[in-house]
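I open this page on a predicted model, and I want to note its salt bridges before I turn to the sheet and the helices around it.

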Amino acid sequence: MHDYPKAARLLKPAHFRAAYDGGERLACHLFVAFARRRGDLDPARFGFTCPRALGKAHDRNRIKRRLRECVRLRRDRFPAGLDLVFNPRKSLLGAAWEEIERQVEKLLDRLSPCESSSLPS
RNA sequence: GUCCUUCUUCGGGCAAUCGCUGGAAUUUUUUCAGAGGAAAGUCCGGUCUCCGUGGGGCGCUGUGCCGGCUAACGGCCGGGCUGGACUGCUCAAAGCGGUUUGGACGGAAAGUGCCACAGAAAAUAUACCGCUUGUCUGCCACUGGCGGAGAAGUAAGGGUGAAAAGGUGCGGUAAGAGCGCACCGCGGGGCGAGUAAUCGCACCUGGCAGGGAAAACCCCACAGGGAGCAAGGCCAAAUAGGGGAGCAGAGGCGGCCCGUCUCGAUAGGACUCCCGGGUAGGCUGCUGGAGCGGUGCAGUAAUGUGCCGCCUAGAGGAAUGAUUGCCUACGGUGAGGCGGAAGCUGAGCCGUGACAGAAACCGGCUUACGAGGAGAAGGACGUAA
RNA sequence: GCGGGAGUAACUCAGUGGUAGAGUCUCAGCCUUCCAAGCUGUUGGUCGCGAGUUCGAUUCUCGUCUCCCGCU
């Protein structure tokens with residue numbers, strides 16, 4: 001269950017705006033994640049942003065693909081009913097694969113207690 | 001054979017696992033395809049789409065030696081003229097030629113304006129120093145010399161500047177001067193070659209009038225309607241708003257309409273239905289084309305064309321990837337081996353593999369691009385004949 | 001994807017063919033018991049970068065880099 005269908009993605013600008021406005025901000029030195037509960041039990045959905053300030057198109061593609069792949073391999077471990085938007089930082093371009101994995105694992109640890117507490121729905 | 005320079009071209013390969021986008025089968029899993037030479041900058045030109053559009057002029061923008069190619073171009077090809085570098089002929093210079101590399105290369109005798117500083121003078125030339133000849137005059141002196149003042153002539157010499165108004169020589173002159181002459185240069189004409197730009201001439205003519213700059217304004221010739229796939233077309237939720245219809249008319253005067261009178265209803269409202277515009281969103285435009293690869297023919301070439309073969313990304317918060325292993329190229333380190341030494345070879349390990357990511361589509365230009373492989377041209381050295 | 005605009009001193013801006021300027025800032029002096037204000041002087045520039053035109057370029061032309069804005 002490591003696939004990445006369209007149902008597991010944020011596809012509209014409105015989805016992204018909702019995550020920014022009503023979500024919780026979780027930061028590390030490689031990226032910033034915005035997490036928002038939708039209130040249903042569908043699988044978590046993910047979105048990745050890559051503005052022009054991060055570099056040229058080639059580098060932005062690389063940043064997005066590496067981070068997306070790392071999240072995709074752990075997709076089933078994210079809580080259901082969650083919308084997540086990732087804003088990568090420029091340092092992610094030169095980061096080692098193991099370092100990205102470590103930061104995503106840390107994000108998962110921080111999300112787990114949220115499951116019992118009350119996130120804005 | 002080695003090395004160097006320039007140009008062209010290729011732009012690491014294979015496999016496993018987990019994935020993404022599109023197509024086709026089918027039905028739930030298979031199978032096929034999936035970044036570039038610049039996909040970039042958006043600097044030009046087109047295709048396509050919508051809007052505008054009687055004709056002409058002004059204005060604006062662009063282009064600018066000539067000819068050709070092209071759908072078109074500010075692109076490409078060929079030619080001319082011209083600057084630089086190297087080089088051959090030559091004792092050397094000039095001149096002529098070769099190779100290579102550049103040139104926004106129409107017009108400055110259409111007009112307006114500009115040329116700082118320096119310099120006498122910077123574009124209808126000009127007289128600062130100087131040179132020459134008269135005039136007046138001072139001193140020495142006595143057919144002369146040295147001065148001063150002012151007048152006229154002069155562009156040879158001086159210095160300034162990026163640039164000083166044809167050059168050299170001879171004649172000429174008071175001194176000079178295209179003032180005259182010869183040669184060179186320049187303008188105009190003629191003849192010849194060439195489609196033309198332009199070139200040639202032992203031809204005629206003009207004493208020469210024409211400094212630079214048009215990437216100053218400008219003049220001339222030619223070209224250009226505007227916007228751009230976020231163009232444009234189709235479908236169309238919710239909410240708000242717009243238009244229409246229905247829900248309330250009946251009776252009198254009168255042949256009927258308008259009008260007017262009486263009664264009823266209250267309505268700038270609520271409800272029902274319909275219509276069009278249109279937002280979110282969806283579909284389309286969307287990829288088979290000035291296409292690619294061979295090969296023949298025409299042409300110096302750019303290019304055109306005949307025949308054969310091929311189908312080669314279509315996303316849309318945006319796919320074409322991630323991880324690992326092996327190979328490969330290069331760099332570093334370097335066990336070990338060869339060697340007297342210099343050095344050569346080299347297991348293993350580590351690192352690196354450029355510039356860079358399609359967004360409607362083509363043709364150009366410009367810019368970015370590490371190492372290495374292949375090819376072509378030129379040069380140097382060595383060896384052999 | 002498409003269309004516009006700007007780069008000059010540490011900062012904000014003038015200048016638009018002829019030795020590159022103003023204000024603030026820096027530093028020093030005067031003034032004041034001291035500080036501020038004021039006055040005087042002073043430091044600081046590859047005019048974003050690279051070519052070209054010109055005798056001469058910040059200015060004109062071309063290329064290039066960076067930044068900003070608009071269309072949704």
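I looked up Arg74 and found a relative accessibility of 10%, so Arg74 counts as buried, the cut-off being under 20%. Its side chain meets that of Glu101 in a salt bridge, at 3.3 Å from N to O, and the pair links distant parts of the chain, with Arg74 in the loop between α2 and β4 and Glu101 in helix α3 (residues 97-116), 27 residues apart. Glu101 counts as partly exposed, at 24% relative accessibility.

I then turned to Arg75, which is buried at 8% relative accessibility. Arg75 forms a salt bridge with Asp3 (3.5 Å, N to O); because Asp3 lies in the segment before α1 and Arg75 in the loop between α2 and β4, this pair ties together parts that are 72 residues apart in sequence. Asp3 is partly exposed, at 45%.

Within helix α2, Glu69 and Arg72 are three residues apart, about one helical turn, and their closest N and O atoms in a salt bridge are 2.5 Å apart. A search of the whole structure gave me nine salt bridges.

Next I traced the sheet, which is open and mixed, with four strands in the order β1-β2-β4-β3. The edge strands are β1 (24-27) and β3 (45-48). I noted that β3 pairs with β4 (residues 82-88) in the parallel sense over four bridges, and that Arg45 stands opposite Asp83 in β4. Arg45 and Asp83 also belong, with Arg36 and Arg38, to a network of salt bridges.

Last, I checked helix α1 (residues 13-22), which lies across β1, β2, β3 and β4 and runs at about 95° to β2, whereas helix α2 (residues 57-72) touches β2, β3 and β4, its direction making about 165° with that of β3.

Definitions and conventions
Residues numbered from 1 in each chain as written. Chains lettered and ligands numbered in written order. Predicted model: local features only at pLDDT ≥ 70, side-chain atom pairs only at ≥ 80, totals over all residues. Heavy atoms only, no water. Pairing = 2+ DSSP bridges. Helix = DSSP H or I, 4+ residues; strand = E, 2+ residues; numbered from the N terminus. Contact = heavy atoms within 4.5 Å. Axes fitted to C-alpha atoms, helices over the stretch in contact; angles between N-to-C directions. Salt bridge = Lys/Arg side-chain N within 4 Å of Asp/Glu carboxyl O. Buried < 20%, exposed > 50% of the residue type's maximum accessible area, 1.4 Å probe, protein only.
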